[in-house]
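Hi,

Here is the structure I promised to pass on.

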Amino acid sequence: MANMVEPDSLLPSSPVMPRRVLQVGAPPAPKENQNSKSHREELFFLLGGLVLLITLLILLFLYRKRIQSETLRKKIASSNQLLAKVMMTAPTKQHQASMEFISESLRSISYFDLQTLKRATKNFHPANLLGSGGFGPVYRGKLADGRLIAVKKLSLNKSQQGEKEFLQEVKLITSIQHKNLVRLLGSCIDGPQRILVYEYMKNKSLDLIIYGKCDQFLNWNARFQIILGIARGLQYLHEDSYVRIVHRDIKASNILLDEKFLPKIGDFGLARFFPEDEAYLSTTFAGTLGYTAPEYAIRGELTERADIYSFGVLMLEIISCRKNTDLTLPSEKQYLPEYAWRLYKRSTLMDLVDPKMKQDGFVEKDVLQAIHVALLCLHPLANLRPPMSEVVALLTFKIEMVATPMRPAFLDRRRRRHEETHSWDDISDTFPSQVVSGSTSLPSRLEN
Ligand SMILES: Nc1ncnc2c1ncn2[C@@H]1O[C@H](COP(=O)(O)OP(=O)(O)OP(=O)(O)O)[C@@H](O)[C@H]1O
Ligand SMILES: [Mg+2]
């Protein structure tokens, strides 16, 4: 009988060897298949990662875009408030363009820190003091990049505006640009101190020339270019800019001259920095009064027409090279508008012209036309003064002169009421209020 032997029994009883266990399954894949599988897995993970990354980037992009448009929306909203606040009467069709213009300007405003301005002005050294007006002292400065600037320190006791309001005004004024307006470059806030930084005008202000504070002589051609430039700058402020601005203080010292003696109107919009304060006018009122339109001085009616009146006075000053009021002169010459009117009535207007300019020579017809325009600007009835676009057209002979001047109203400090003059003492009785709807009737110095 065959012995049945248990397989285990064939193994030596001791020591027990570990048994090798063979895995039984699918036959091992060929090496090539294995490789392509692992490649597929790698590709799968790579693509997955890539899709995830792209999704994250898209989400990030959308998020940033939302933030940006939110910020822009806020800026435009605040500009909108500004527009409403300053009685912007921009026509609706211009509104969209206006808003874009403003939001663009919001990005371009410059801020100067006090240290930079101290360095530029040698710590506001008196030698750099250009002058001091009703708003505070103005210093000449030079920035590190060589640019010349005029730094205006606003009077602390008057500029009570908060930072936000101040910056809003700066943004607004910075965005108003024209070749005949001095550019506001930026501003600085240091504690309560508010400072404005303007482009520097090499030939300073027109008063220095026409009031004989320097030897500079301007011939008729140069004077005409100055008159025309001021008219264009004012036209822009009154009619063409997206925000209508009444300057309120058109006078020789606010006309700055560049290196070619081309004029730029300075200080436009400056009164906006003094919302609560009306006294800024009175600080220099004695000097400014001769430029002030009667309806503004008496009844506080402030419209563009008040600027046009001041422009008329300024034109006469430029042509005659003298101040509007000079009590050292013989009686009939003391008040320039009054004197001009007398000469007009006598048909001797050429007597008004600066003798030096006469020597130099000019075309009489052109000068006469300019004096006529000035007299129209001095019309006692505000609504009958020509708007600035018409002034420009008249000066350049683009339209014919049809209106005739009327005796201007002027301040008569001599109070000769018995004489046949319209002084401001009696003008308010003589002429009723002329503010009509459609004109910017800004309640007395409170347009803000
Ligand atoms: N951007 C400028 N470039 C060169 N000089 C300037 C500039 N701005 C002002 N000035 C000079 O500084 C002087 C003082 O200017 P400021 O505006 O303070 O006084 P104002 O024009 O006489 O009076 P107001 O305060 O009524 O404007 C001016 O007369 C002018 O000569
Ligand atoms: Mg000024």
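Below is what turned up, starting with how to read the model.

This is a predicted model, in which local features need pLDDT of at least 70 and side-chain atom pairs count only at pLDDT 80 or more, while totals for chains, interfaces and linings use all residues. Residues are numbered from 1 along each chain as its sequence is written, and chains are lettered from A and ligands numbered from 1 in the order in which they are written.

Let's begin with ligand 1. Domain 1 (67-200) and domain 2 (201-448) both supply residues to its shell, so ligand 1 sits between them (the bounds come from an automatic or database domain assignment). Of the 21 residues around ligand 1, the nearest are Leu-130, Gly-131, Gly-133, Ala-150 and Ser-253 (near means a C-beta atom, placed from the backbone, within 6 Å). Strand E2 (residues 129-133) gives the most, with four residues (strands are DSSP runs of E, at least two residues, and helices runs of H or I, at least four, numbered from the N terminus).

Ser-253 also turns up beside Asp-207: leaving aside neighbours within four places in sequence, Asp-207 is in contact with Ala-252 and Ser-253 (contact means C-beta atoms, placed from the backbone, within 7 Å). Asp-207 is in helix H5 (residues 206-210).

Cheers

Methods: Two residues are in contact if their C-beta atoms, placed from the backbone, lie within 7 Å.
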